[in-house]
Amino acid sequence: MSLNDILHYLRLGGVTLAILLIASVVALGVAIERFISLWGVGERSRTLGETVQKHLLRGDLAAARTAAERSDAAAADIFLAGFDRMERVKTNGGGVEATVERERAQVGLKLRRNLWILATIGSIAPFVGLFGTVAGIMKSFKDLGLDVEAGGTGGTGAVMTGISEALVATAVGILVAVQAMVFYNYFQARLSRVLVELRLMGDEFVELLKERPAPPAPAAPAPEAAARSDASHA
């Protein structure tokens with residue numbers, strides 16, 4: 001199909017094809033934005049999770065929090081929410097589970113942002129194309145009726161040409177829907193894995209908070225030193 005043929009069909013499609021082309025551009029823009037936003041999200045979260053785990057196993061809560069504060073990973077918000085909750089309640093991980101789970105849900109909503117646009121375009125694009133086809137067929141039969149009233153032969157050639165041109169709208173609608181749904185399913189599959197990893201990291205984080213070693217108690221003075229201290233005060 002030459003460029004002239006494409007421009008010819010675009011002129012015939014009118015508003016319907018314009019809407020479908022805009023929807024295609026929007027779907028591509030959303031896909032590019034999500035791809036950039038989600039680039040390396042799983043790897044960064046796993047790296048941060050391993051770092052926080054090492055610090056908590058050593059009982060170094062301050063270092064674990066600092067690592068989370070300096071990271072831009074999606075898991076950082078989950079860890080920081082847990083740290084904040086633990087500091088407020090002043091317990092060894094008590095009540096942190098619900099806080100971590102709520103924050104994980106919030107992170108999931110952020111990661112899924114704008115995906116509803118792809119789902120919407122994938123759902124309605126075929127119907128928009130079908131509407132354009134129906135409108136084109138109605139116009140073809142109207143032209144046929146006018147031709148007969150004017151004394152024409154009422155041949156099917158003009159009608160078939162109009163119908164074939166009208167079907168372009170349905171074809172474009174299906175292509176746009178396929179494009180949007182391919183992007184949508186790709187991001188859904190990718191995010192499903194990332195969210196499972198975040199859930200596992202959150203559960204392990206809460207367990208480590210509860211089981212982390214207690215800070216070492218200050219060393220008691222040696223008996224000789226205590227005796228000298230008592231003697232000096234006597």
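Which residue forms a salt bridge with D72? I looked it up before anything else.

**Entry: ground rules.** I am working on a predicted model, where local features need pLDDT of at least 70, side-chain atom pairs count only at pLDDT 80 or more, and totals for chains, interfaces and linings use all residues. Residues are numbered from 1 along each chain as its sequence is written, and side-chain values use heavy atoms, with hydrogens and water left out.

**Entry: D72.** The partner is R44, with the closest N and O atoms 3.7 Å apart. A salt bridge here is a side-chain nitrogen of Lys or Arg within 4 Å of a carboxyl oxygen of Asp or Glu. This pair links distant parts of the chain: D72 sits in the loop between α3 and α4 (74-89), R44 in helix α2, and 28 residues separate them. Helices are DSSP runs (H or I, at least four residues), numbered from the N terminus. I then checked exposure. Buried means under 20% relative accessible area, exposed over 50%, and partly exposed in between (1.4 Å probe, protein chains only). D72 is exposed because its relative accessible area is 62%. R44 has 32%, so R44 counts as partly exposed.

**Entry: other salt bridges.** I searched the whole structure and found 11 salt bridges. In one of them, R65 meets E69, with the closest N and O atoms 3.0 Å apart. Both lie in helix α3, four residues apart, about one turn of the helix. R65 is buried at 18%, while E69 is partly exposed at 47%. I also found D77 and K110 joined at 3.9 Å, N to O. That pair links distant parts of the chain, with D77 in helix α4 and K110 in helix α5 (residues 96-111), 33 residues apart. E43, R46, R193 and E197 form a network of salt bridges.

**Entry: helix α3.** Which residues of α3 (residues 61-70) are buried? I noted A64, R65, A67 and A68. They lie on the same side of α3 because they cover an arc of only 155 degrees around the axis (taken from the directions from the helix axis to the C-beta atoms). On the other side of α3, A62 and R70 are exposed.

**Entry: G42.** Is G42 buried or exposed? Its relative accessibility is 8%, so G42 counts as buried. G42 belongs to helix α2 (residues 41-57). The C-alpha atoms of G42 and L191 are separated by 9.1 Å, though the two are 149 residues apart along the chain.

**Entry: D203.** I placed D203 in helix α7 (residues 156-211). D203 counts as partly exposed because its relative accessibility is 41%.

How values were computed: Helix = DSSP H or I, 4+ residues; strand = E, 2+ residues; numbered from the N terminus.
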